[in-house]
Each structure stands twice: as C-alpha cells, then as structure tokens.
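This briefing concerns a ligand site and selected residues of one protein model. Please examine the sequence and the structure shown below before reading on.

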Amino acid sequence: MTDKPKRNFRPATQLVHAGTERSPFGETSEALFLTQGFVYENAEAAVARFNGEDPGFIYSRYANPTTNMFEKRMCALEGAEEARATASGMAAVAAAILCQVKAGDHVISARAVFGSCNYIVETLLPRYGVEISIIDGSKLENWQAATRPNTKVMFLESPSNPTLEVIDIAKVAEIANSVGAKLIVDNVFATPLFQKPLQLGAHIVVYSATKHIDGQGRCLGGLVLSDREWIENEFQEYFRHTGPGLSPFNSWIMLKSLETMPVRIKQQAHSARALADFLAEQNAVSKVIYPGRADHPQADIIARQMSGGSTMIALELKGGRKAAFEFENALEVIRISNNLGDAKSLITHPATTTHKNLTDEARLEQNISEGLLRLSVGLEDTDDLLEDVAEALKAIK
Ligand SMILES: *Cc1c(COP(=O)(O)O)cnc(C)c1O
C-alpha cells in the first residue's frame, strides 16, 4: 500500500506523507525494516528479482524499504527524481564525487567548504590522478577561468561554513553546463526548505542529514539527490559495490524527523533572525553575518536563490579570541560544540576548533578571524536565547 499524492501538496504535507509504503498490517507510522536481506517465494522469483524483471529488494546494501521511504520523501521535498541515503554527509560527498571521476579528469571546488570536503578534493583526488583547482568561489569569474576541457565536476557549498558567504548557484550551473561538467551543491547550511539547488540548475545536491534533517543530534546520515539518469547510470553501481548506504534504523529516525522539520526550522530561523538583529546592535560586536539581513554582503543573491533566512549566524567580536572565549564561557543556554543544526543551540570558535588545521593565511583568506564565532540556533525559547546572549556579552572584559 502506498500513499500516492493526488495533488501537488505543499512541502509540510509532503514531509508527513510522501514516500509512505505500508506493510499488509496498515500501520499508521512508517515501519522499520531492520533486515539485511529478503526471501523469495521460489527459485524462479529469485531469478526474476536478479534479472530486474521484478523490482523488489535484494540486499540492504543496495536498497531497503525504510531507507527507500526516507529517500522518496526527500525527493518530494527537493523536486529530485532519485535519491540515495548514505551513512554520513561525508559518505554522500565522497560518493557523489568519486563515482564520476577518473585519472585525468579535472575537478573545481570552492575554497570555503566543510573541512572534510576539502580533504576529498585537495588531498584524495590528486592521489588518484585527478587534477584539481581550488578557487574563491564567491567570484564568478574564477569558475570560468578555472575550467579546462577535462573539467568533470564543480563543487560548492552555499551559504558556506563558517562565514555564511553565498555563491550564485544558477550562474555557476550555467558555467558547468557550458563545459559539460556536473555541479554538486552541498546544501546543508541552507537546509532543503530554504534553497533548492536542482531548481537553480545544479545537477546534484548533497546533504549531511546529521544536521537539520535529524535535527535532534542523534544519528549521522547523508543524501545524494539528482535526476534518474545520473543516479542509475553514474551513481548506482558505485553505491552498490562500495557500501556507503544508511542503516535502516538511522533511515527510520531521519524519516520521522522529516515530519517535524518545517516546524523546527521555521522556529530556529525565527530565533536566529531575532538574535542576529540583537547582536548587530551591540558595541562588543564588530560584524554579524546572517542570510536574510539586508546588510549581508551578498543580499541580492540571497533574495534570488533562498526562500528563507538561516538557522546559523556568524558573528565577530571586537576583542578577538579573548572576548570570544569570555563570551562562550559565560553562556548558559547555548552550549559549546562543533556540531550544528541541532535542537540545542550550539556555538563554535572556528579558528581554534573546526578550522584550526588551516594555515594562518588560509584562515585570513576565508575571513575566519580570532574573534569569529559560529552560532547554530536551536529550539529553545527565543527570549531565553536573547537573554543568554545579552548576559554573556556583559562577561567580556
Ligand atoms: C557536517 C557537514 C558535512 C559532513 O557531514 P557528516 O554527516 O558529519 O559526515 C558536510 N558538509 C557540511 C556543510 C556540513 O555541515
């Protein structure tokens, strides 16, 4: 039994119902199929399954009914034809890139990406003979200038971690198309609600579902979404034989999390906006970067490609590292952590944690100063968060 949409339902409705596949028991809540394999009625049925004449399941490394529901629900939200869920965001990024490159190909990546994504491009790909260019992705001319006849993949993150810089996805997609390359967008910071890279012309969108999709700090997970042709012809064999798929248990958690995602993200973005506006008025604060505020350096691009603000804020304190630590240590509601997209508000000092391995020069280039903090806004009461921040600012000497 399948819940088939009769009309084009709105996202919140899709996230409760899309992809639901009921067992013969007719359960209300989606079932958890915690199974490795599947049995066949007879030998002929196994043959049909293996020949692809019967589309059923074979082995949970390839596909699983619970994981399938999660993938279908994400497809409905993203407007993608196909998706594969992976064990982590990094499994998604690695698979999306590695499945389609070979020695002699060329990959272009923006510099301001999640640290492990940078490792895949800058360290791993050259080991296998893939040429790479790492560019300042905020300047469109850099993408054009970096293209080569063998450019196969372009990779970017927008808004970027941790400074919430934005890249014009539609324009980069045009450049990718003009050289026959595939554009992969890491859409974690935007969330699937506020930005639709596939509609903007990107070919592949990847997520760390660990962040807003789980949204409650429990399971790691990831997703690769694209058109059917690319998933079937370029991605599926790699996925099936290298085994990065998400476990059915974690898929079930993610599937159920999607039901509440719009409510959560709306509330988190509401609080984030209030906090960003408050912080921007404070003397101790030299800079607030929040997608959705008119003073964001790329507010014009945001107006074109994002439908909502963000749950993330980048703020810079005038007193450098000393002030940043005094502020962090005085917070009572907001906790210090490197994670993000959680129901709990979390704050990070990138220069000494997530981005400590960059050279001083590279940090400077990415505007990661000693006074920079990245704040992931959670589901606590907005006023408690505002009071927490106001009190902690008083602790800066
Ligand atoms: C967290 C994150 C990743 C990696 O995801 P994991 O689930 O931790 O593997 C990739 N990209 C971005 C932007 C992230 O925030």
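Which residues does Lys211 touch, not counting residues up to four places away in sequence? Lys211 touches Phe114, Val188, Asn339, Leu340 and Gly341, where contact means heavy atoms within 4.5 Å. The model is predicted: local features need pLDDT of at least 70, side-chain atom pairs count only at pLDDT 80 or more, and totals for chains, interfaces and linings use all residues. Residues are numbered from 1 along each chain as its sequence is written, and side-chain values use heavy atoms, with hydrogens and water left out.

**Lys211**
- An unreviewed UniProt entry places the feature "modified residue: N6-(pyridoxal phosphate)lysine" at Lys211; UniProt positions follow the numbering used here, feature names are shortened, and annotations may be inferred rather than shown by experiment.
- Lys211 is situated in the loop between β6 (204-208) and β7 (222-226); helices (H or I, at least four residues) and strands (E, at least two) are DSSP runs numbered from the N terminus.
- Lys211 counts as buried because its relative accessibility is 9% (buried is under 20% relative accessible area, exposed over 50%, partly exposed in between; 1.4 Å probe, protein chains only).

**Ligand surroundings**
- Lys211 is also one of the residues around the ligand, together with Ser88, Gly89, Met90, Phe114, Glu157, Asp186, Val188, Phe189, Ser208, Thr210 and Gly221; such a residue has a heavy atom within 4 Å of the molecule.
- This shell divides into 4 nonpolar, 5 polar and 3 charged residues (Ala, Val, Leu, Ile, Met, Phe, Trp, Tyr, Cys and Pro count as nonpolar, Asp, Glu, Lys and Arg as charged, and the others, Gly among them, as polar).
- An oxygen atom of the ligand lies 2.5 Å from a polar side-chain atom of Thr210, and a ligand oxygen atom is 2.8 Å from an N or O atom in the side chain of Ser208.
- The protein covers 92% of the 380 Å² of accessible area that the ligand has on its own (Shrake-Rupley method, 1.4 Å probe).

**His106**
- His106 is in strand β2 (residues 106-110) and, at 0% relative accessibility, counts as buried.
- The side chains of His106 and Thr151 make a polar contact (2.8 Å); a polar contact is a pair of N or O atoms within 3.5 Å, and within protein one must be able to donate a hydrogen and the other to accept it, while residues adjacent in sequence count only if both atoms are side-chain atoms.

**Lys356**
- Lys356 is found in the loop between β11 (346-348) and α13 (360-365).
- The side chain of Lys356 makes a polar contact with that of Asn357 (3.1 Å).
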